[in-house]
Amino acid sequence: MSPRTLLRSLTAATAAAAAALSLTACGAVTSADGGSGDSGDGSFKLASYIQQRIDDDKPMRIKLSYHDPSLAFATPIGAGMKKAGKELGADVSLIGPTGGDAAKQVSEIQTLIQQKAVDGLAVSSASSDALKPVISQAYKAGIPIISFNTDNPDSEQMGFVGQDLKGSGKAQAEQLRKDLKGDVNGKSVVVFSVDTGAGWSHDRFNGFKEGLDGSGLKIVGPVNVGNEPNSAYNTVESTMSGQSNVVAVAGLDCCSTTAAAKWVAQSGKTDDITMGGFDLLTQTAEYIERGVLNFSISQNPTEQGYQAVKVLHDFLTKDTEIKGVDTGAQFVTRDNLADATVED
């Protein structure tokens, strides 16, 4: 059986209910021939307008919808996307709402579906539930759709490109334990996140807790710091002023990592606090070089952007089955910093 007609079904009744509610509220999205994009039995059926574009040898229009393109992390994603677009001859673009407004992201995607303005779609959502209904809409409209960077496992996505989030959180905690010196029983580790309500943050933190199991360390947080740098720093500062016996700090993402590292540096506690974070912004690399950060974990955003385009393009033009791509977790320390790729 061709991958384009591979039988698929929803993995949870809640996902089906959410999709039905969304279609009722917004109006069913139809394929180019006016019918449902799926075949009626749960299998995927490519929209006729997309098949026509393939037959006419037109460039595939592939969109990457990122939950907040204003974040520094979006820059390397866009670079990888453009590299793939150039290599494959695809028409690619990075879209999404500045500030991470889920409702605006959904609306933007729905417009693409309704206007038949996209041939392949990759989405990254701040919330694990926010995009489930619109993912279902795209799938039923016959548009190949995957998730990248943040997973939507209980949706009708056809694959995921990105890091194993829970696994990376567990690895972060395990590395902190290795780097800590002396008796840490009863001591504290403070955890920060730019969005504690986001699905990716939950996944990383759950892995982090698992990695610290049996360590004797008390976990404080995760503490929500938000995206704005000054506000994030102020939140870190006020949180840390109320803590004692802190031996470690962890950031679950790019920007809580830099905010927390800034506090560690300015407080003069570099020698007293072991710190691990995520991603490799220019600031992050500087904190690693200065010894403020013991390590950071890169999730290779450039590869995420590249592979998201390639997976969709290969499916459309070569009928290649969509499979998930794990972009890995690279630990960056002083020892290998010179060989690492800065992400902004």
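**Aromatic pairs, helix packing and local backbone features**

Tyr-66 and Phe-148 are buried in this structure, where buried stands for under 20% relative accessible area, exposed for over 50% and partly exposed for what lies in between (1.4 Å probe, protein chains only). The structure is a predicted model, in which local features need pLDDT of at least 70 and side-chain atom pairs count only at pLDDT 80 or more, whereas totals for chains, interfaces and linings use all residues. Residues are numbered from 1 along each chain as its sequence is written, and side-chain values use heavy atoms, with hydrogens and water left out.

Rings of Phe, Tyr and Trp (its six-membered ring) are taken to pair if their centres lie within 6.5 Å, and planes under 30 degrees apart count as stacked, over 60 as edge-to-face and the rest as tilted. By this rule, the count comes to four aromatic pairs. Tyr-66 and Phe-148 form a tilted pair, with 6.3 Å from centre to centre and 35° between the planes. This pair links distant parts of the chain, 82 residues apart, since Tyr-66 is in the loop between strand S1 (61-65) and helix H3 (74-88) and Phe-148 is in strand S4 (residues 145-148); helices (H or I, at least four residues) and strands (E, at least two) are DSSP runs, numbered from the N terminus. The rings of Phe-295 and Phe-331 have centres 5.5 Å apart and planes at 45°, and this pair is therefore tilted. Phe-295 in strand S10 (residues 295-298) and Phe-331 in strand S12 (residues 330-332) are 36 residues apart, and their pair links distant parts of the chain. Phe-295 counts as buried because its relative accessibility is 1%, whereas Phe-331, with a relative accessible area of 25%, is partly exposed. Ring pairs also join Phe-44, Tyr-139 and Phe-315 into a cluster.

Tyr-139 is one of the buried residues of helix H5, together with Lys-132, Pro-133, Val-134, Ile-135, Ser-136, Gln-137 and Ala-138. Helix H5 (residues 132-140) is mostly covered, with eight of its nine residues buried, and just after H5, Gly-142 takes a positive phi of about 85°.

Helix H6 (residues 165-179) and helix H7 (residues 199-212) pack at an angle of about 40°, their axes being 6 Å apart. H6 and H7 are therefore oblique to each other, given that angles under 35 degrees count as roughly parallel, over 145 as roughly antiparallel, 65 to 115 as roughly perpendicular and the rest as oblique. The crossing of H6 and H7 is right-handed; a crossing is right-handed if the near helix is turned clockwise from the far one by less than a right angle, and left-handed if anticlockwise. By class, the contact of H6 with H7 has six nonpolar, five polar and seven charged residues, where Ala, Val, Leu, Ile, Met, Phe, Trp, Tyr, Cys and Pro count as nonpolar, Asp, Glu, Lys and Arg as charged, and the others, Gly among them, as polar; contact means heavy atoms within 4.5 Å.

Helix H8 (residues 229-241) and helix H9 (residues 254-267) pack at an angle of about 55°, with 8 Å between their axes. H8 and H9 are therefore oblique to each other, and their crossing is right-handed. On the H8 side the contact is made by Ala-232, Tyr-233, Val-236, Glu-237 and Met-240, and on the H9 side by Ala-259, Ala-260, Lys-262, Trp-263 and Gln-266. The residues of the contact of H8 with H9 divide into seven nonpolar, one polar and two charged.

In strand S7 (residues 218-224), which holds Lys-218, the relative accessible area of Lys-218 is 52%, and this residue is therefore exposed. Lys-218 touches Lys-187, Ser-188 and Val-189, not counting residues up to four places away in sequence. Pro-222 also has its place in strand S7, and a cis peptide bond, with omega of about 10°, joins Gly-221 and Pro-222.

Positive phi values also occur in residues other than glycine: phi of Asn-149 is near 70°, and phi of Asn-300 is near 55°. Asn-149 is found in the loop between S4 and strand S5 (160-162) and, with a relative accessible area of 5%, is buried. Asn-300 is found in the loop between S10 and helix H11 (301-318) and, with a relative accessible area of 32%, is partly exposed.

Methods
Axes are lines fitted to C-alpha atoms, for helices over the stretch in contact, and angles run from 0 to 180 degrees between N-to-C directions.
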